[in-house]
Amino acid sequence: MMTVEREVAQHYSHGSLEAAILTGLNAMGRNRSNVTPEDLAGIDEFHIGGHEATADVADHLNLDAGGVLLDIGSGIGGAARFFARRYGCRVVGIDLTPEYVEVATSLTQLVGLSDQVEFQVVNALDLPFGDESFDRATLLHVGMNIPDKQRLCAGVHRVLKPEGLFAIYDVMQTGDGEITFPVPWAATKATSFLERPETYRQALLDAGFEIVSERARREFAIEFFQRMRARMAESGPPPLGLHILMGQDAPTKIANMLAGLEQGLIAPVEMICRRL
Ligand SMILES: C[S@@+](CC[C@H](N)C(=O)[O-])C[C@H]1O[C@@H](n2cnc3c(N)ncnc32)[C@H](O)[C@@H]1O
C-alpha cells in the first residue's frame, strides 16, 4: 500500500510541468529570458483566492527584510516569491512533491530571486531544521493533505522563534456532510484530511501557540470561483492557469469544491497564530 505522502506527491505530480508552463509563457509572448513574476500569476498560487488571499495573509505577518520565513507546502512557489519580493525577507519553501520543488526552483531562477528564495523536498511532518530557525511560517492550502495536525503544529512551533507568527490558510470542514471527490487537493477521500477549525485550534494551543485572529472566507471563495468561471466561459482557459496544475478533470474538481462551499460544508479559513 502507498503511504499518504507518496499518494499526495503523485496526485500533484504532472510529469512535464515546466515544459507546460514554458508553452503557456510562449503563447503569452514570453520566454525564459523575459519572464516576470506577474506573468506567472495565473498559475503559481494554488489556493482559493490566488494572489489576493496571499496578500491578505501577508498583511497580518509584519514581514521585514531581516526575517526568514518558512513556507510549508510551497507548491511551485508563487507565494514564497511574493513574500520575498514585496518584503525583502528570505524564504525557505518546502514541499513533498519533487516536481513542484524543481519547477519552483527553476521559476525563481528565471525571475531572479534565487538569492532570497530556496526550495527543498521535505515532509511538513519531519522538518529538518534546527529549533527556533524561522521568524515566520505559512501554510497555504496544505493541511487538507496532512492527517496529523498535532504533529504538524508541534513541528512548526519547534522551528519558529519565540513570538514568531504562523499563518494558516486551509480549506476546513465547516458543516455536516461529505463533499464529493475529486477536489483540487485529492482524487479520493484517502488523501483528504479536512478538519474543523476547532481541531486546528486545539492542535495549535496544545503545541504552544496563541491564536491572534481567525476568519472563514466562504463568500470571498465563492466570488473568486464565480469570477473564474465567468472568465473561462467568456474566453476559455488562459494560457497559464490552474487548469494546468489540476489536469484533465480540473472542471470536475472545481465544481465539486464549489458545491461544497455553496452547501456550507467547507470553507477556506485563515488563522494567524503566535508562538509562545
Ligand atoms: C494545493 S497545493 C498549495 C501549494 C502552495 N501552498 C500554494 O498555495 O500555491 C498543496 C501543496 O502541499 C504539498 N503538501 C501536501 N502534503 C505535504 C506535506 N506533508 N509536506 C509538505 N508538503 C505537502 C503538496 O505537494 C502541494 O504542493
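I take contact to mean heavy atoms within 4.5 Å. The model I am looking at is predicted, so that local features need pLDDT of at least 70 and side-chain atom pairs count only at pLDDT 80 or more, while totals for chains, interfaces and linings use all residues. Residues are numbered from 1 along each chain as its sequence is written, and side-chain values use heavy atoms, with hydrogens and water left out.

Entry on H11. I looked up H11 and found it in helix α1 (residues 4-12), helices being DSSP runs of H or I with at least four residues, numbered from the N terminus. Leaving aside residues up to four places away in sequence, H11 touches V183, P184, W185, A186, A187 and K253. The side chain of H11 also comes to 3.4 Å from the backbone nitrogen of A186.

Entry on the ligand. Of the 21 residues around the ligand (a heavy atom within 4 Å), F46, H47, G73, D95 and T97 come nearest. I then noted polar contacts, pairs of N or O atoms within 3.5 Å: a polar backbone atom of L96 is 3.2 Å from a ligand nitrogen atom, a polar side-chain atom of N123 is 3.0 Å from a ligand nitrogen atom, and a polar backbone atom of A124 is 2.8 Å from a ligand nitrogen atom.

Entry on α3 and α4. Helix α3 (residues 50-59) packs on helix α4 (residues 78-87) at about 50°, with the axes 11 Å apart, the axes being lines fitted to C-alpha atoms over the stretch in contact and angles running from 0 to 180 degrees between N-to-C directions. H51, T54, A55, A58 and D59 of α3 meet A79, F82, F83 and Y87 of α4.

Key
Helices (H or I, at least four residues) and strands (E, at least two) are DSSP runs, numbered from the N terminus. A polar contact is a pair of N or O atoms within 3.5 Å; within protein, one must be able to donate a hydrogen and the other to accept it, and residues adjacent in sequence count only if both atoms are side-chain atoms.
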